[in-house]
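Let's walk through a structure together, one question at a time. Have the viewer open and follow along.

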Amino acid sequence: MSRNNRGFEGPGVQGAKGLRRQDYFFSAMIFCAVCLMICVAEAGHLEPFKSVPVPKNNPQTPEKIELGKKLFFDRRLSGDGTTSCADCHIPEQAYTDGQDISLNYPTTKNWRNSQTLINAAFYKNLFHDGRVKTLEDQALFPMMSAFEMNQNLDFLEEEIRVVPEYAEAFKKVFNGEPSRERIAMAIAAFERTLISVNAPYDRFLKGDGSAISEDAKKGFEIFNGKGKCADCHDGVNLSDDKFYALHVPENPVLLNDPRVTATMRFVAKVYHYKDYRNLKEDPGRYLITKDKKDWKAFRTPTLREIAKTGPYMHNGVLATLDEVIDFFNAGGGKGNRYLKPLGLSDKERKQLKAFLVEALTGEELKISYPEVP
Amino acid sequence: MSAGPVVKKIMDAYKGKVRLVIKNYPYKYRDYAHIAAEASLAAGDQGKYWEMHDLLLKNSPKLDRESLIKYAKELGLDLTAFTASIDGKKHAAEIEKDKQLAVGMDLYTTPTYFVNGRKVVGNRPYEYLKQIIDEELKNVTK
């Protein structure tokens, strides 16, 4: 399987193993990044970008990616024809919608933040609560959701089947007619092209000591050491894909706006949470697992492109990176069992921010808009 | 958060510097969206656009004809002129023109802002729009 410039890796090709610490030390020594070596010894396992994982049952092809892109921008995917995937994952906003609480189906309200799709291909747990394992499974959820796209999938299949350009494209790509599964596969293939590449951080990890500024290097030390960021934000995607209850403050609209409250209750009801009418906070992953330890737990997000993907946290309640750093520096939310105050000075906080902003922002992700049939 | 208070705060803060143009975009699947747009413009004819706008948002979705007339009465409007305006769909052509403009620009979300051509989709806090406006004002004075 060949690779394109975003490093797709197909079936039969080993996934990115990343740099082992020993390898990393070696390359770092060559480039005399001595201070870096010291802090990496304290850090989680960090890897530069190499390739994108692709499932065996949905290999990437240019035609499938193009079809997925058309579907991604197609408003037919929503019940009233007003909303496409791109409404809440806007290319110019780093595939978020830039809002604290995501945009919504007209007349309803969402209740959580729209995550960036950049590097979503790396997650093994999708959505803030990790309710699905693959991009293929993920793609259909917002279409069906009453407060997102509110579409009936049986109806959608027929809507797509009657469009000659789509019928032809599905035949070419899948050797069959449009179906919900194939729609999801095509969209997932497109989403696997949304990858943060050539970030200064990658060059730095590969040994280019000049890739980031001195402040950002100090920030990297903090990221790996005193700041404990790399304890969870590790691997190539800077996410351990696990769930933690950090007790992020609730977004006030959860209870102040009856429509947001209604959405919270609706989701809890769908997941058979008995006391859904008396909910006062987002139960997070608990709704999926019913495990007490998952109460208010959410999946660690990627930090790739973090400068562009605010507002932050599952409910967008932290507007800026400064607020996020302050939150962690203060030991997280009240009563959480994972975080302790970090004691970062003002200077250290600035250095950490310099690393996050400067090092983790990759090449601009250019997109040519498709002609939706 | 709704758009109205933010827009009003901007207009207060940037008096003489920002010109506000409002376009109507009644949602096609709401029973009363069109008549509510008519009501806001009819109130505007009598100098009470924002007052009606606020009442409509406050009382949504109770926006049937009788309720609209009640709100007009609350605002002390000339009820004969107001009722004739909404019944006669006096502003229908203007509203339709706005809708066509939006569709032509591939817009489907309310509110959508344009600040000197820079598109901002969805409700935004004052600070968010302020930053864009400040940047644009800086460009203008260059």
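The questions below look at aromatic rings, charges over rings and a cavity in this predicted model.

Q: How are the rings of Phe73(A) and Tyr369(A) arranged: stacked, tilted or edge-to-face?
A: A search of the whole structure finds 20 aromatic pairs over all chains. In the pair of Phe73(A) and Tyr369(A), the ring centres are 5.0 Å apart and the planes meet at 65 degrees. Planes over 60 degrees apart count as edge-to-face, so this pair is edge-to-face.

Q: How many residues apart in sequence are the parts that this pair ties together?
A: Phe73(A) is in the loop between helix H3 (62-72) and helix H4 (85-88) of chain A. Tyr369(A) belongs to the segment after helix H15 (346-359) of chain A, so the pair ties together parts whose separation in sequence is 296 residues.

Q: Which ring has the charged end of Arg285(A) over it?
A: In chain B, Lys9(B) lies over the face of Tyr126(B), at 4.3 Å from the ring centre. For Arg285(A), the charged end sits 3.9 Å from the centre of the ring of Phe243(A).

Q: How many charged residues are in the lining of the second largest cavity?
A: This cavity holds about 30 Å³ of space. Its lining includes Trp111(A), Glu250(A), Asp282(A) and His314(A). By class, there are three nonpolar and three polar residues, and the charged ones number two.

Terms used
Residues are numbered from 1 along each chain as its sequence is written. Chains are lettered from A and ligands numbered from 1 in the order in which they are written. This is a predicted model: local features need pLDDT of at least 70, side-chain atom pairs count only at pLDDT 80 or more; totals for chains, interfaces and linings use all residues. Side-chain values use heavy atoms; hydrogens and water are left out. On a 1 Å grid over the protein atoms alone, a cavity is a set of points where a 1.4 Å probe fits but cannot get out, and a pocket is an open set with protein on both sides within 12 Å along at least five of seven lines; lining residues have an atom within 4 Å of a point. Grid points are joined across faces, edges and corners, and a volume is the space filled by probe spheres set on the points. Ala, Val, Leu, Ile, Met, Phe, Trp, Tyr, Cys and Pro count as nonpolar, Asp, Glu, Lys and Arg as charged, and the others, Gly among them, as polar. Rings of Phe, Tyr and Trp (its six-membered ring) pair if their centres lie within 6.5 Å; planes under 30 degrees apart count as stacked, over 60 as edge-to-face and the rest as tilted. Helices (H or I, at least four residues) and strands (E, at least two) are DSSP runs, numbered from the N terminus. A charge sits over a ring if NZ of Lys or CZ of Arg is within 6 Å of the ring centre and within 35 degrees of the ring normal.
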